[in-house]
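Here are a few friendly notes to read alongside the model.

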Number of protein chains: 2
Amino acid sequence: MSEQKQSLMNLLETGATYYLSHISLDCVVFGFHENQLKVLLLKMKDRDKWGLPGGFVRKEESVELAANRVLKERTGLDNIFLQQFHVFSDPDRSNNKDLIESARKTGIEVTEDNWFAQRFISIGFYALVEFSQVKPTADAISDDCTWWDLQEIKSLMLDHNLILDKALETLRLHLNYQPIGYTLLPDKFTMPELQKLYETILGKKLDRRNFQRKITGYGILKRWEERRSGVAHKAPYFYSFDTEKYKQALQEGLDGGW
Amino acid sequence: MSEQKQSLMNLLETGATYYLSHISLDCVVFGFHENQLKVLLLKMKDRDKWGLPGGFVRKEESVELAANRVLKERTGLDNIFLQQFHVFSDPDRSNNKDLIESARKTGIEVTEDNWFAQRFISIGFYALVEFSQVKPTADAISDDCTWWDLQEIKSLMLDHNLILDKALETLRLHLNYQPIGYTLLPDKFTMPELQKLYETILGKKLDRRNFQRKITGYGILKRWEERRSGVAHKAPYFYSFDTEKYKQALQEGLDGGW
DNA sequence: CTGTCATTGCGTTGTTATAACATAATGCAA
DNA sequence: TTGCATTATGTTATAACAACGCAATGACAG
């Protein structure tokens with residue numbers, strides 16, 4: 001028996017003992033690569049359906065801890081920037097039809113009375129991670145785990161499209177009073193890269209010069225003498241976030257809006 | 001046996017059959033009266049502890065529906081403006097010590113294995129209601145249900161202070177891109193009353209004239225010819241919300257910040 | 001009836017933030 | 001060397017905002 005199949009059977013048998021019933025969580029993991037906003041998705045076993053990485057809450061942990069644990073398994077990363085944003089609880093959102101179907105494809109029948117087949121209320125989290133640091137790893141009910149361009153994502157399993165939309169909406173709102181980027185970009189980045197990140201999240205173009213003025217006005221950036229070379233055209237400066245002031249801004253909040 | 005005691009025993013016996021396990025909800029109900037922001041609280045039976053109105057989620061309903069149901073029982077109101085804002089899930093936040101203690105005071109022993117004694121994850125909602133319309137009604141584990149001035153609220157049961165603080169924080173943020181007042185004020189109100197509401201929520205003074213310009217600029221108010229009379233000093237105009245444009249503003253969002 | 005006074009309604013001004021546009025500098029490529 | 005796309009920095013017009021002035025009002029005291 002494959003390791004994955006073993007792990008799934010294990011979940012089905014012991015789920016009820018280790019996890020809280022009725023409660024699940026789903027994570028919208030945002031990354032940024034090649035000037036594109038990416039989302040980490042899992043492909044359901046032997047099916048064409050994709051879905052968000054998710055999991056369950058152990059009997060002794062908080063939902064935040066659970067989300068961290070789940071994402072550690074999917075990305076290899078610790079201490080991910082995580083934010084819960086909504087609870088999805090439509091009674092018809094899931095009897096886990098999709099998950100049960102995927103289990104069946106693995107050769108495991110899930111009965112109606114199984115812990116896995118119950119109604120789940122899902123707590124939505126969004127995560128902002130550094131693309132290059134992530135090692136996408138599938139879970140017990142999935143074949144594949146990869147990044148998707150936000151624009152290319154079509155129909156997802158269950159209500160995951162709804163969850164994704166709500167996550168993006170929330171992220172856009174948070175942009176108005178929170179600095180964003182520290183967890184999404186590499187240590188050193190250029191102004192055009194940071195701007196592109198904002199433009200991608202907001203889904204609209206911004207003026208280069210006004211963007212620069214505004215973002216530097218927050219005082220959370222420090223500029224290096226060094227410039228990016230190798231690419232064509234005038235070399236842009238490298239920037240990094242001033243972690244001290246960044247964290248301060250996270251707590252105290254910014255003012256402006258976009 | 002009292003009706004309340006009967007209802008509590010009923011809950012303890014049938015809770016597991018009708019409600020989802022591990023999931024509860026708590027509501028921070030805001031009202032506005034005599035230029036004060038009020039919060040609806042319940043007094044735990046025969047104890048000095050007060051707490052937020054809360055409840056559980058029936059097996060076939062969404063958490064939003066559950067919150068509406070609970071608040072209908074506590075306030076007599078339907079169609080309350082409700083907003084979920086956070087999930088509280090610290091594993092130590094509650095083994096329902098306070099509720100069990102209150103049940104004991106009623107003369108009911110709750111055993112460790114009872115449905116009531118399990119760990120609960122609570123979904124926080126805030127509600128904005130019209131003070132005068134509310135008929136505060138205690139529940140099975142409480143003695144009393146009344147409005148409290150926000151400033152006078154001291155130590156609450158469990159983590160309810162945390163929940164209250166988070167609700168207020170969220171409300172303040174929402175003020176930046178949502179019109180507020182339609183559900184908190186009577187049909188007709190004056191500009192100073194509306195301003196006082198904003199000032200109370202924000203916890204700071206605003207300039208009369210700038211406030212008027214900004215709020216009328218949203219185009220969600222209509223002014224009556226009529227003025228408030230009887231009170232001393234110059235009579236202020238009455239205003240009402242233009243429900244059409246108000247709802248539109250709720251959906252599309254406002255821009256400014258306070 | 002009359003003057004007082006706190007409050008309301010409407011208006012003005014100076015400052016700051018924002019949007020839109022201009023110009024010079026840079027570094028690779030032809 | 002020149003062309004060109006891109007970056008860095010600067011300027012200007014407009015809109016938003018904060019701070020303040022002043023006349024009108026209406027209950028109240030005398």
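How many residue pairs are in polar contact between chain A and chain B? Here are my notes on that and on the DNA side.

1. First, the ground rules. This is a predicted model, where local features need pLDDT of at least 70, side-chain atom pairs count only at pLDDT 80 or more, and totals for chains, interfaces and linings use all residues. Residues are numbered from 1 along each chain as written, chains are lettered from A and ligands numbered from 1 in written order, and side-chain values use heavy atoms, without hydrogens and water.

2. Between chain A and chain B there are 15 residue pairs in polar contact, both at pLDDT 80 or more (N or O atoms within 3.5 Å; within protein, one able to donate a hydrogen and the other to accept it, and sequence neighbours counting only if both atoms are side-chain atoms). Strand 1 of chain A gives the most to the side touching chain B, with 4 residues.

3. Now for DNA strand C: 22 residues surround it, each with a heavy atom within 4 Å. The closest are Arg209(A), Lys234(A), Pro192(B), Arg209(B) and Tyr237(B).

4. A polar side-chain atom of Arg209(A) sits 2.6 Å from a base nitrogen of DNA strand C. For Arg208(B), a side-chain N or O atom is 3.0 Å from a base nitrogen, and for His233(B) the corresponding distance is 3.4 Å.

Technical notes
Helices (H or I, at least four residues) and strands (E, at least two) are DSSP runs, numbered from the N terminus.
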